Amino acid sequence: MLDAILGGLRLVATLDLRLWEIVALSLAVSLSAVVFATLLGLPLGAAIAVGRFRGRQAVIVVLNALMGLPPVVVGLFVYLLLSRAGPLGELGLLFTPPAMVIAQTILIVPIIAALARQAVEDAWREYEEQLRSLGVQGLRGALTVLWDIRFSLLTAVLAGLGRASAEVGAVMIVGGNIDGVTRVMTTTIALETSKGDLPLALGLGMVLIAIVLALNAAAQMIRDAAQRRYG
Amino acid sequence: MNGILPLRLERVSFAAGGRTIIEPLDLTLEAGASTVILGANGAGKSVLMRLMHGLLAPSTGRVAWSTEGPRRRQAMVFQRPVMLRRSALANVVYALDAAGVPVGQQLRLAREALQEVGLAYAAGRPARVLSGGEQQRLALARAWALHPEVLFLDEPTANLDPGATREIEAVIKAFDVAGTKIVMSTHSLGQARRLGDEVIFLHQGRVAERAPIDRFFPQPASPEAAAFVKGELPWA
Amino acid sequence: MGLAVAAVIGFITVASTTSTEQSGLFRHLLPIFEKQSGIQVRVVALGTGQALDLGKRGDADVVFVHAKALEEKFVAEGYGVKRFEVMYNDFVLVGPRSDPAKIGGTRDIVAGLQKVKEAQAPFASRGDKSGTHFAERQLWKMAGFDIAKDRGPWYRDTGSGMGPTLNTAAGMNAYALTDRGTWLSFKNRGDLVISVEGDQRLFNQYGVILVNPAKHAHVKRDMGQAFIDWIVSAEGQAAIAAYKIGGEQLFFPNAKR
């Protein structure tokens with residue numbers, strides 16, 4: 001196993017072009033998905049947090065449960081949507097990076113929304129009276145709180161990013177793992193492992209972990225800086 | 001003058017969690033005199049203030065202002081100031097924006113408000129890094145900018161040291177002089193005497209006594225108030 | 001030689017099998033075709049059954065698999081236009097160097113399988129309805145067994161692709177049927193070596209079919225046909241023959257003229 005690890009490190013160090021193309025695509029897909037999921041999930045979570053409507057508790061339970069959506073199931077669902085034989089087949093999106101972004105976005109919206117809902121609801125308890133005293137209602141109040149706790153929402157966003165970059169089931173099904181087109185880190189690791197080419201798989205695995213670590217570290221630094229600056 | 005006062009509470013009561021916190025009461029607040037609401041912890045002062053300000057809906061009865069749309073004409077300062085993670089100036093601007101003040105005037109009015117409470121030096125600083133006393137003054141600046149007819153204050157100096165307390169009381173006095181009706185709850189007798197023109201004494205959710213400040217001190221008429229004053233005296 | 005490099009004019013989607021992809025054939029073959037035609041070929045590699053399914057749904061323009069009976073059914077049912085034979089490769093039986101079933105180097109696959117069953121030596125099967133799995137079941141039938149009934153604890157269904165199945169076989173020191181291509185590029189062999197090879201019955205025929213545009217109007221018929229024409233042409237066939245791993249040729253072109 002040590003050989004495999006060293007082999008992996010060597011591949012990373014020699015900046016193998018194919019490897020870095022795969023890394024670049026993985027980042028592009030997962031980061032895009034995170035951006036869309038954040039734009040959809042944050043307002044959704046905030047709205048549920050401050051809203052008062054019938055069935056609210058049920059909605060919260062369902063949202064939390066959706067955090068555990070199995071990636072393969074999402075992949076299958078999106079595949080059926082985008083397949084030529086399916087309702088959105090005309091778009092010709094199957095087996096392209098946009099399809100992968102769509103699948104991952106669906107996968108992580110519940111995560112970001114559920115975590116945002118919790119964070120906003122906790123913060124709302126602190127802000128609610130003062131905001132209502134100033135005449136700030138409903139949606140505007142939710143957005144104000146959302147913006148005010150933006151740095152702690154980084155945690156929710158990072159959770160979504162972590163899930164997206166780690167999953168293989170959804171991107172495999174809707175992307176097809178096409179060499180040079182839709183092959184990302186996780187699907188390559190799966191492929192190379194099944195071919196018995198462990199050094200490459202390990203090399204990619206290390207890159208993947210390093211990237212996720214780096215992003216988390218950056219987010220922590222941002223949170224600390226914000227804490228010092230804004231209190 | 002088309003003001004929102006007098007405020008009439010008609011048969012207003014409030015119950016929550018199976019307990020009655022405010023017994024049905026009738027109360028009228030007129031313009032002019034600053035009203036201090038006095039009472040022990042748990043007497044219902046905070047709840048009464050929130051009923052008047054509209055943060056809570058009464059279980060029975062109604063809270064009636066003299067004209068429609070009283071929202072902008074009142075403001076409230078809480079025991080613990082709640083500030084947004086923005087500069088002090090931005091917090092005041094936010095309140096002005098929420099009140100519908102035209103964008104062109106917001107900065108000017110905000111700066112004037114900070115000036116009034118002596119916080120001009122802190123305009124650009126993040127509100128949340130200010131001291132407790134400074135944040136409470138900022139809360140008052142936020143209220144001042146709105147030029148409210150009525151200013152509710154719920155134990156505004158309970159968490160502050162004597163120096164900060166004096167600064168806050170000075171600002172409240174300035175509000176009073178400017179014509180804003182002050183409605184303030186406190187359990188400090190000294191503060192009541194310094195700032196109030198009349199006292200409403202609350203005991204277990206009922207108005208036990210209401211009197212001008214000179215008649216209430218040194219000797220309240222009701223037995224509950226008398227007991228309270230006697231017990232509180234060491235801390236006045 | 002001396003052909004101009006064509007600008008990329010479009011792409012086609014080819015559904016093929018994991019074993020073909022993993023053999024590395026496409027990485028060798030496709031750049032040649034792409035440079036000459038300007039058509040980018042995107043290969044989605046799945047099991048044979050799934051690849052044909054992709055063709056039926058119209059999610060691929062061309063299917064390129066190795067299961068003759070299923071391919072002919074595909075065309076007969078109207079999903080494909082016409083089947084062209086392209087090349088064949090062969091399967092080999094791999095097993096532990098210690099040879100617990102005492103196969104002893106025979107070239108007879110049927111005899112070999114019978115010995116495995118008699119000895120109840122561990123055997124790893126793909127069990128995933130792939131072309132390889134299909135071929136494996138056929139060989140058991142030729143050996144006189146209905147493997148679904150005659151199996152025992154020695155017969156392990158991994159339900160996965162060729163690579164993972166070989167991983168399992170290497171891990172358990174079991175016998176397994178694999179295509180030569182995957183075996184040659186498989187790096188995790190453990191103690192496994194080739195036990196039986198060369199039997200005619202181990203040959204594995206590949207066919208290529210254009211998905212029927214009559215069933216799916218959006219199929220890229222011209223570009224798909226260009227790919228098929230090329231792969232059965234003298235040039236394409238030569239390119240297939242030229243693909244070697246460790247000096248060994250993997251695929252033997254046999255397109256009919």
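N177(A) counts as buried in this predicted model. Its relative accessibility is 8%, and the cut-off for buried is under 20%. The residue sits in the loop between helix 8 (169–175) and helix 9 of chain A. N177(A) has a positive phi of about 50°, although it is not a glycine. Most residues other than glycine have a negative phi.

Is Q204(B) buried or exposed? Q204(B) is exposed, with a relative accessible area of 59%. That value counts as exposed because the cut-off is over 50%. Q204(B) lies in the loop between strand 8 (198–203) and strand 9 (206–212) of chain B.

Next come the peptide bonds. Most peptide bonds are trans. In chain B, a cis peptide bond joins L5(B) and P6(B), with omega about 5°. P6(B) belongs to the segment before strand 1 of chain B. Another cis peptide bond joins F217(B) and P218(B), and here too omega is about 5°. P218(B) is in the loop between helix 7 (213–216) and helix 8 (223–232) of chain B.

Three strands of chain B form an open sheet in the order 2-1-4, and the pairing is antiparallel. Which strands stand at the edges? They are strand 2 (19–29) and strand 4 (60–64) of chain B. Each has a single partner strand, so one side of each is left without a neighbour in the sheet. From one strand to the next, the twist averages 25°. Strand 1 (residues 7–16) is joined to strand 4 of chain B by four bridges. In this antiparallel pair, R8(B) stands opposite A64(B) of strand 4.

Now turn to the place where chain A meets chain C. Here 20 residues of chain A are in contact with 21 residues of chain C. The area buried between the two chains is about 1,800 Å². Carbon and sulfur atoms give 51% of that area. How many salt bridges cross the interface of chain A and chain C? There are two. R27(C) forms a salt bridge with D179(A), and their closest N and O atoms are 2.8 Å apart. Helix 4 and helix 9 (185–194) of chain A each supply at least two residues of the side that touches chain C. Helix 9 of chain A gives the most to that side, with three residues.

S83(A) shows the meeting of these chains at the level of one residue. It is found in the loop between helix 4 (71–82) and helix 5 (97–133) of chain A. S83(A) is buried, with a relative accessible area of 0%. Its side chain makes a polar contact with the side chain of R57(C), at 3.0 Å. Beyond residues up to four places away in sequence, S83(A) touches G89(A) and L94(A) in chain A, and R57(C) and D59(C) in chain C.

The last stop is G152(C). This glycine lies in the loop between helix 7 (147–150) and strand 6 (155–157) of chain C. At 19% relative accessibility, G152(C) counts as buried, because the cut-off is under 20%. G105(C) is 47 residues away along the chain, and the C-alpha atoms of G152(C) and G105(C) are separated by 25 Å.

Key
Residues numbered from 1 in each chain as written. Chains lettered and ligands numbered in written order. Predicted model: local features only at pLDDT ≥ 70, side-chain atom pairs only at ≥ 80, totals over all residues. Heavy atoms only, no water. Pairing = 2+ DSSP bridges. Axes fitted to C-alpha atoms, helices over the stretch in contact; angles between N-to-C directions. Buried < 20%, exposed > 50% of the residue type's maximum accessible area, 1.4 Å probe, protein only. Polar contact = N/O pair within 3.5 Å; in protein donor to acceptor, adjacent residues only side chain to side chain. Contact = heavy atoms within 4.5 Å. Buried area = accessible area lost by both parts, 1.4 Å probe. Salt bridge = Lys/Arg side-chain N within 4 Å of Asp/Glu carboxyl O.
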